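The following dialogue discusses how features of a protein model may be read. Please keep the sequence and the structure in view throughout.

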Amino acid sequence: MIDHVQSPALFILGTLLAAAVLIILLLWRRYENLLHEHDALVRGARKDSVDRSRSTLKGQIAEQMAPLLPGFPFLPADARFVGDPIDYIVFTGYTQTQDMPPSGDHLEIVLLEIKHGQSKLSPIQRAIAKAVEEGRIRFEVSRVAEDGSVTTNIWRSTRNRMPAARTEPVR
């Protein structure tokens, strides 16, 4: 027979055991829910990554194909792909200038960025556009001597107006 003293102890032990089993079941259910949420987040992140990659590839293809597409405002032969930080340097009139006297008066230089969809200019592209807008652009000629040293001068259209050679890089 069961002793009356043991009966409350068994009841408390049984209650604690039932509570522990219930807590374990609740924690296990929460664990499974978290696992499912995690899997859904991973699937979503993978899909987002693939979508972004697809968009990037489409943009890169559009950059390369732009000179061949309808509506491109320049002759494709005048465009030179650079890729980074801008897509093209376009020498408008370059093709016609080859058949003209070498004055270059018909030549214009355009820095061209191709964007796909609603893409925006990067900060460096905006900085380049601002530098051009403010006239902070020049043409320089670097010459490599027989000893391997390099001198750089700003080119001027009037003869003998080149400033002193610069040997340090511009920073």
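**Reading the model feature by feature**

Q: Is F81 buried, partly exposed or exposed, and where is the boundary drawn?
A: F81 is partly exposed, its relative accessible area being 37%. Buried means under 20% relative accessible area, exposed means over 50%, and partly exposed lies in between, with a 1.4 Å probe and protein chains only. The model is a predicted one, in which local features need pLDDT of at least 70, side-chain atom pairs count only at pLDDT 80 or more, and totals for chains, interfaces and linings use all residues. Residues are numbered from 1 along each chain as its sequence is written, and side-chain values use heavy atoms, with hydrogens and water left out.

Q: In which element is F81 found, and which residues does F81 touch?
A: Helices (H or I, at least four residues) and strands (E, at least two) are DSSP runs, numbered from the N terminus. F81 is found in strand β1, residues 79–81. Contact means heavy atoms within 4.5 Å. Leaving out residues up to four places away in sequence, F81 touches E63, Q64, D87 and Y88. The C-alpha atoms of F81 and E63 are separated by 8.7 Å, although these residues are 18 apart along the chain.

Q: How many helices and strands are there in the chain, and what pattern does the chain follow?
A: The chain has three helices and five strands. Along the sequence, the pattern reads α-β-β-α-β-α-β-β. Of its 171 residues, 14% count as buried. Among contacts in the chain with a separation of 6 or more, 23% are accounted for by residues 24 or more positions apart.

Q: Which residues make up the largest nonpolar core?
A: In soluble globular proteins, nonpolar side chains tend to be buried together. A nonpolar core is a set of buried Ala, Val, Leu, Ile, Met, Phe, Trp, Tyr and Cys residues joined through side-chain atoms within 4.5 Å. Here the largest has eight residues: A66, F72, A79, Y88, V90, V110, L112 and I114. The elements giving two or more residues to this core are β2 and β3. Setting aside neighbours within four places in sequence, V90 is in contact with F74, D78, A79, E108, I109, V110 and L112.

Q: Which residues make a nonpolar surface patch?
A: Patches are made of residues with over 30% relative accessible area and no salt bridge; like charges are joined within 9 Å, and nonpolar side chains (Val, Leu, Ile, Met, Phe, Trp, Tyr) within 5 Å. Accessible areas come from the Shrake-Rupley method with a 1.4 Å probe, and for residues only the protein chains shown count as cover. In this model, Y94, L107, I109, L111, V132 and I137 make a nonpolar patch of about 510 Å². L107 is found in the loop between α2 (94–97) and β3 (108–112), and at 35% relative accessibility L107 counts as partly exposed.

Q: How many aromatic pairs are there, and how is their geometry described?
A: Rings of Phe, Tyr and Trp (its six-membered ring) pair if their centres lie within 6.5 Å; planes under 30 degrees apart count as stacked, over 60 as edge-to-face and the rest as tilted. The count by this rule is four aromatic pairs. One of them is tilted: W28 and Y31 lie 5.3 Å centre to centre, with 40° between the planes. These two residues are three apart in helix α1 (residues 6–65), so about one helical turn separates W28 and Y31. The pair of F139 and W155 is edge-to-face, because the ring centres are 6.3 Å apart and the planes are at 80°. F139 lies in the loop between α3 (123–133) and β4 (140–144) and W155 in the segment after β5 (150–154), so the pair ties together parts that are 16 residues apart in sequence.

Q: How many salt bridges are there, and which residues form a network?
A: Side chains of opposite charge can pair when their charged atoms come close. A salt bridge is a side-chain nitrogen of Lys or Arg within 4 Å of a carboxyl oxygen of Asp or Glu. The count by this rule is seven. Among them, R136 pairs with E134, the closest N and O atoms being 2.9 Å apart, and R138 pairs with E140 at 2.3 Å between the closest N and O atoms. Salt bridges that share partners also join K47, D51 and R54 into one network.
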